[in-house]
Amino acid sequence: MAGYILRRLLQAIPVFIGTTFLIYFMVFALPGDPIIALFGDKTPNPAVVAQLRAQYHLDQPFVVQYLIYMGGIFRGDFGISFSGQPVTEILARTFPVTLRLAVIALLIETIAGILVGMVAGLRKGKLFDGTTLAISLILISLPVFVIAFVAQFVFGVQLGWARTTVGEGAPTIDLILPAIVLASISFAQIVRLTRSSVIETSSLDFVRTAYSKGLGRGRIIPVHILRNSLIPVVTYLATDFGVLLVGATVTEGIFNVPGVGNTLYQAIIRGEGPTVVSFVTVMVLIYLLVNLAVDLLYGLLDPRIRYVK
Amino acid sequence: MSNEFTPVPSTGPATQERSRNHFVAPLEETPLVAIDVVKVAEKPSNLWIDAWRDARRRPIFWISGVLILLVLVVAVFPGLFTSVAPNNDCQLALSNGGPTAGHPLGFTKQGCDVYSRIINGTSTSLTVGIIVILLTTVLGVVFGAFAGFYGGWIDSVLSRIGDIFFSIPYILAAVVIMSVLAQYRSVWTISLAIGIFAWPSTARVLRAEILSVKQSDYVMASEALGVSKLRILFRHVLPNSIAPVIAITTISLAAAIVAEATLSFLGVGLGSDIMSWGNEINQAQRDIRTHPQTLIYPSVALSVTVFAFILMGEVIREALDPKARALR
Amino acid sequence: MSSVSNPRRDAGAPLLEIKNLQVGFQTQNGTVQAVRGASLSLRAGETLAIVGESGSGKSTTAHAIINLLPGSGRITGGEILFEGRDLAKLSQKEMEDVRGKLIGFVPQDPMSNLNPVWSIGFQVEEAIKANGIATGKREIKKHAIEVLKEAGLGDADKRLRQFPHQFSGGMRQRVLIGMGLSSRPKLLIADEPTSALDVTVQRTILDNLDKLTREIGTALLFITHDLGLAAERAEHLVVMYKGQVVESGPSREILQNPLHPYTQRLVAAAPSLASRRIQSSSHSLGDLDYSAPRSVEGLDLIAAAEHRAELQAEAPQREDSIVVENLTKVYKIRGAKGDFKAVDDVSFAIERGTTTALVGESGSGKSTVAKMLLRLEDATDGKILINGTDTAPLRGKELLALRRRMQPVFQDPYGSLDPLRNIGNTIGEPLVTHNIGDRTSRRERVLELLEQVSLPATLSTRYPNELSGGQRQRVAIARALALKPDIVILDEAVSALDVLVQAQILQLLSDLQGELGLTYLFITHDLAVVRVIADNVCVMQRGRIVEKASTDEVFDRPQMEYTKELLNAIPGAGIALGV
């Protein structure tokens, strides 16, 4: 296991360097004055421009610029936003909100998704299965902002069950509707994946052997079928975390949840380039860390990985 | 434990305990067939022929096919469906107005015809979708095929590059690119921005497939014949590994359409002068409380188009993959 | 109905009696009947083997007993009486009490029959718990250790904590046998329990199974495709063919006097029996006085072997076609200490027009030798001479010329042909690659080759998935022959085929050799097949050749312990055959 963790950590290093380099490259290797380009058609505050120029060391060669920028990231310094506020300060304020939203959404989508997928898989070809498959395909086809608007309009405007916008200092209960919207994106995929995984596992030899030992369905389904079916679902959750981040940006924006996603959303629609770059970098780092964590968790789920010599 | 041991009454020596005595079935009952006779169906069959036979039997293939065809016709010949100009005939007096004769879906905030704008926005979505999948398929196939087929350090380098691009969620990457390229927003830049980060999943699928196909004995047999490596790759390995790529390409097309709409919705997509469903939704979102129709119609157009491609992708995947077919 | 009656009937009712069993599988095109009226009976403590080829319904019959039919399989008629109870009528719950407790089951493939995410201990203990053999954590664990010890696993204590992937195939099968017998069931169903294992492992596992069932007094229902193995291990045989029982009775009687033409075919085609039969005649093959049924469709392995012996006796001394000198292949293993020597100082020579068999178990390096001969891998050390030419320095045109003279046929009938190219294109590929002839002449050659391997010309526009395994191997042989090579390397080319089909292909190979003067290197794990096809044998173990001699020599006077072990592993040693 220790070898596996070490190997996985070592593999993460080039990817980390590569991704940060790529983001930096996208912004600062382009022709023209990147600082001006970041402000688009807005008129920048000269003080902020000066601060940005100092931060990115534009007078240095490109590689040196990048190294200095990387050094900043390692010290937890993500630079300053469009308005001149340090990004870390904004993060400290917004991150807990997003974390709460994401955890609720993840809980909803995994618990509901695995349950529904498992039942559909075990009753393959029955009415419940067919209905689930049809609904999941429709759900997959709906872009997240469409779902968000529909939810906002139906539950917020028409039924009045939830607040259409959340705002600063809102209680957790107000996060439920945005969390359901956020969960709905991956819910359908988890249902489909669990379903096919359960069907495939059910037909494997060791399940038949478990029956031949005299075990009942009540034990075989959770212990032998579901347990093994969870492995691909966990892998999926990790790669799908990027979708969750984008989804959080859109959902927080639409419901005005004061989280990291909303900060990015507002920066995008206002064309505040420096903030956009900083927050995308933050999100990519979160994505990398989550993937790393899930890969390590994967080692716990699958002994074949844990015990590789 | 059962102790209900009940001896069975003998039903005569012929059926009772046959294996005890030497029993031979009469030949009339068990006729002998020649060994390994060649039995072939009327028509040849291979993966693609079978896939077509399977797909065309399914109603959802025809439903999604007709929908996709309709979307294509609308995109190429919008004039067949509306004669109202999407931009020029706008009258602010009709702002957010309801349906009237000739304007079945009402008017936008600027007083433009909603129906006409949806019809004229179709080609944008499709064009972006098609450019993106061309880009991702070409990049994905090149990276995936060479990484999987040649292995070794080529694989290590290509796969690490793929990992790096895969580690930035492609919509976030596109947001950055489009923010920087604010002055150059067009169908081409947005397609490039999406495609350049979306190809690693194609590459991964193909690489995995090639890794298993290249172990096949027929690849070794061709090598032993002296067929060149490159020819083996293009003649044997690639054709036999491409099926899953084709299935995900259809689904990627749907994803690309959604990505364009999302970026346009966020305001970093296409310029507001370009007709696009995402732009329409962006424009309409502020009036969701009062005039949901301006938001709903382009959303429906978008969702139905995406649904058609997703459905088609499912049909193709199941037709090409016997394992997926078994899940049905 | 022509039952050879035997008036002797023991007292007592049978433990298991299957009467007129019908099993059907639901498919898109209606019900497919897999078992059509099978009947058999088995007494307590007895051993019965069901023998048949794939698709004969033998496994389906066995699975039906404990209602573990896969997918859409259903019992559609007949009775399965176990201690007088009809198992076909039990509810799901009642069946759970029968499984494991009264009837144990040992599956075919040990690699896929243990759940990879749970430890061995967990899986053994859960069987013990489910059948109420022991209660309490410590008791259950104690019992689990006993089960593993009984199954022949040393340091069972430590083994409990390990996971299936840390076990070899043989060890896993021991665990599965231990679990199957853990509750001392009255009946154990063993479905081809060793066909996925190496031959020497097979033998020890079966011996262990024999010993345990005998000690416990468990009746054994044994499913196998190998008639020799069945006869060796079981007192009674049931021969199944296309879902029906064609012949049943005491093993010896059936083997000595097979009455149904299908059984006669099987007896003639089973390599283990043929090899035993040749062996039991102390004379050389040419004088073999042999009276087994020889009527059937060119399937007679002994006749084939006889013919070969005659030809070889007549033939004059010929020059060597293949010479291998001190061949060595070392693989560097990343991270591991030291390298892996897959092939270690191997030397042999093959005379033109003869067959040499390279025999060994998995991992012995035999396939690596083949790959180096074919120049699919480079040798680390040593020399390969083909018709006197060192192959190592050959490049470009010269290498192509070498490839024209030497072609392979590989094992997997499902992987040996490109599924997307039609048969004509597949057989014609060598001609295109080597730029031989034009379109029309290539087409003619393809048709000629199809005829040579006894396949109809209409197949040339068909695809591999329309053919059976045997037919695919014929196509692979045709492709290998397209360039008129003089050497063919057969890497386990018949190992995956059913016995009758295997016999047919062996016959074909033998005919082609006579006709075209081919030199064969025949790579196999199955010594029984070697007896009927090869002139000389090299036995490989862990990368080295441990014994090489003529086939007669190796079978009659094996020098090395390992060779003796392999010979002993050919089933049927203790059977008196109708020679």
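Q: What makes C:D86 the bridge partner of C:L81?
A: In this predicted model, C:D86 in strand 5 of chain C is the bridge partner of C:L81. Strands are DSSP runs of E with at least two residues, helices are runs of H or I with at least four, and both are numbered from the N terminus. Being a predicted model, it is read with limits: local features need pLDDT of at least 70, side-chain atom pairs count only at pLDDT 80 or more, and totals for chains, interfaces and linings use all residues. Residues are numbered from 1 along each chain as its sequence is written, while chains are lettered from A and ligands numbered from 1 in the order in which they are written.

Q: How do you know that strand 4 and strand 5 of chain C are joined?
A: Two strands pair if DSSP finds at least two bridges between them. Strand 4 (residues 73-82) and strand 5 of chain C have 2 bridges and run antiparallel, so they count as a pair.

Q: Why do strand 2 and strand 5 of chain C stand at the edges?
A: The open sheet has 4 strands in the order 2-1-4-5, with antiparallel pairing, in chain C. Strand 2 (30-42) and strand 5 (85-86) each have a single partner strand, so one side of each has no neighbour in the sheet.

Q: What lies across strand 1, strand 2 and strand 4 of chain C?
A: Helix 1 (residues 58-65) of chain C does, running at about 75° to strand 2 of chain C. Such angles run from 0 to 180 degrees between N-to-C directions, with axes fitted as lines to C-alpha atoms, for helices over the stretch in contact.

Q: Which strands does strand 11 of chain C pair with?
A: Strand 11 (residues 320-331) pairs with strand 12 (residues 340-351) of chain C over 8 antiparallel bridges, and C:V323 stands opposite C:A349 there. Strand 11 of chain C also has 5 antiparallel bridges to strand 14 (residues 381-386) of chain C, where C:I322 stands opposite C:I386.

Q: How do you know how chain C and chain A touch?
A: Residues are in contact if their C-beta atoms, placed from the backbone, lie within 7 Å. By that rule, 23 residues of chain C are in contact with 18 residues of chain A. Helix 3 (residues 120-130) of chain C gives the most to its side, with 3 residues. That side has 11 nonpolar, 7 polar and 5 charged residues. Here Ala, Val, Leu, Ile, Met, Phe, Trp, Tyr, Cys and Pro count as nonpolar, Asp, Glu, Lys and Arg as charged, and the others, Gly among them, as polar.

Q: What is the make-up of chain A?
A: Chain A has 14 helices and 0 strands, and its C-alpha trace spans about 75 × 60 × 30 Å along its principal axes.

Q: Why is the reach of helix 4 of chain A called close to the expected one?
A: The expected span is 1.5 Å times one less than the number of residues. Helix 4 (residues 62-74) of chain A has 13 residues and reaches 19 Å from its first C-alpha to its last, against 18 Å expected. After helix 4 of chain A comes A:G76, whose phi is positive, near 80°.

Methods. Two residues are in contact if their C-beta atoms, placed from the backbone, lie within 7 Å.
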